[in-house]
Amino acid sequence: MTAVWWGIVLTVVGCYGFKIAGLSVPERVLVHPFTVRISELIPLGLLGALVAAQVLAAGDRLVLDARVPALAVAAFLLWRRVPFLLMVTAAAATAALLRLLT
Amino acid sequence: MTSDPSDRAVVADSLGVAIAVGTYGVSFGAIATASGLSVLQACVLSLLVFTGGSQFAYIGVIAAGGNPVTGAVTATLLGSRNMFYGITLAPLLRLTKRQKWLAAHVVIDESTAMAVTRDTTRHARLGFFWTGIGVFVLWNLFTLIGALAGEALGDPRTYGLDAAVGAAFLGLLWPRLTTPSARLVALVGAAVAAGLVPFTAAGMPIVLGGAAAVLIGLLLRTSREEAA
């Protein structure tokens, strides 16, 4: 439990640090084509990895369960431009329903 | 509130975004407590981290049984984009030193989006602060509601809350998948992370998958420049 708090402290410091740096540090220090390119790639790579780990991992095993069809429903609804909260709720409902039925 | 109709239009747009985004704090709160965090920890994350992607990333790693430090690294890396928002915002908002310390906390995707499209400093500030503070108030309120509900629910899997986290990450990723190379980079991140799940400690597949994807993205750019 304490470790979770330390993680929160680190996250708070790290995230606020990036925010205040952007507003305060002179542009020429931070803006370089290389850093800009990396800043575009980080959310793509990390969010892709987070989706996969969240949907396929069960501890240290890969499993295909109700989360996979739920993700498919989410993708369909995102494609249909359904609002975020509705999309997330529909995905949860899909998984819950499948687990109830099987 | 001002009487200028163009000011009012900016404020109305901002509040619309604030309501749409702030209310999904309920899913963050519910998932956070379902992942094993306390109500207080969920609320502190929303109050002090206040950048949705990073908050979801942190609880995602914790829920997977990962090390909190790995969670913090993932969350912080994901928050690095806010620095680039700040760089874009600084000349638009023209804040004093003291204002910056407060404004920095509400530099997020939505407040940036609602400021950068404005032609004047006045409208940029209105868009930025009404959206940023509006999201902040609602996001925190709904985090608390969701956290209390999540704690009362019991096993999160019964309600599909574990599937909701994956959907939330996909929702954050979706608007960024605008080019073939962006889709490829995200796919590499996903594939490497999935491949590493059986072989590394929980949480590590995310960091390593993200790192591999960034590397591939850089190589893609380089080879295209050489071809051009």
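1. Is A:Leu97 buried, partly exposed or exposed? Keep in mind that this is a predicted model. A:Leu97 sits in helix α5 of chain A. It has 14 C-beta neighbours inside 10 Å, so A:Leu97 counts as partly exposed. Have a look at A:Ala66 too: A:Leu97 and A:Ala66 are 31 residues apart in sequence, yet their C-alpha atoms are 8.8 Å apart in space.

2. A word on confidence in chain A. The average pLDDT of chain A is 91, and 99% of the residues score at least 70.

3. Now for the place where the two chains touch. Chain A brings 65 residues to the contact and chain B brings 84 residues. On the chain A side, α1 (2–24), α2, α3 (33–56), β2 (61–62), α4 and α5 (84–101) each supply at least two residues. Which of these gives the most? That's α3(A), with 20 residues. Sorted by type, the residues on the side of chain A that touches chain B come to 47 nonpolar, 11 polar and seven charged.

4. When two helices pack, we describe them by the angle between their axes and the distance between the axes. Helix α2 (residues 25–34) of chain B and helix α10 (residues 161–173) of chain B pack at an angle of about 130°, and their axes are 10 Å apart. α2(B) and α10(B) are therefore oblique to each other, and α2(B) passes α10(B) in a left-handed crossing.

5. In general, most residues other than glycine have a negative phi. B:Phe50 isn't a glycine, but has a positive phi of about 45°. You'll find B:Phe50 in the loop between α3 (39–49) and α4 (52–63) of chain B. B:Arg94, also not a glycine, has a positive phi of about 45°, and lies in the loop between α6 (81–93) and α7 (97–103) of chain B. Is each one buried or exposed? B:Phe50 is buried, because 25 other C-beta atoms lie within 10 Å. B:Arg94 has 11 C-beta neighbours inside 10 Å, so B:Arg94 counts as exposed.

Technical notes: Residues numbered from 1 in each chain as written. Chains lettered and ligands numbered in written order. Predicted model: local features only at pLDDT ≥ 70, side-chain atom pairs only at ≥ 80, totals over all residues. pLDDT = per-residue confidence, 0-100. Contact = placed C-beta atoms within 7 Å. Helix = DSSP H or I, 4+ residues; strand = E, 2+ residues; numbered from the N terminus. Nonpolar A, V, L, I, M, F, W, Y, C, P; charged D, E, K, R; others polar. Axes fitted to C-alpha atoms, helices over the stretch in contact; angles between N-to-C directions. Parallel < 35°, antiparallel > 145°, perpendicular 65-115°, else oblique. Left-handed = near helix turned anticlockwise from the far one by under 90°. Buried ≥ 20, exposed ≤ 12 C-beta atoms within 10 Å, placed from the backbone.
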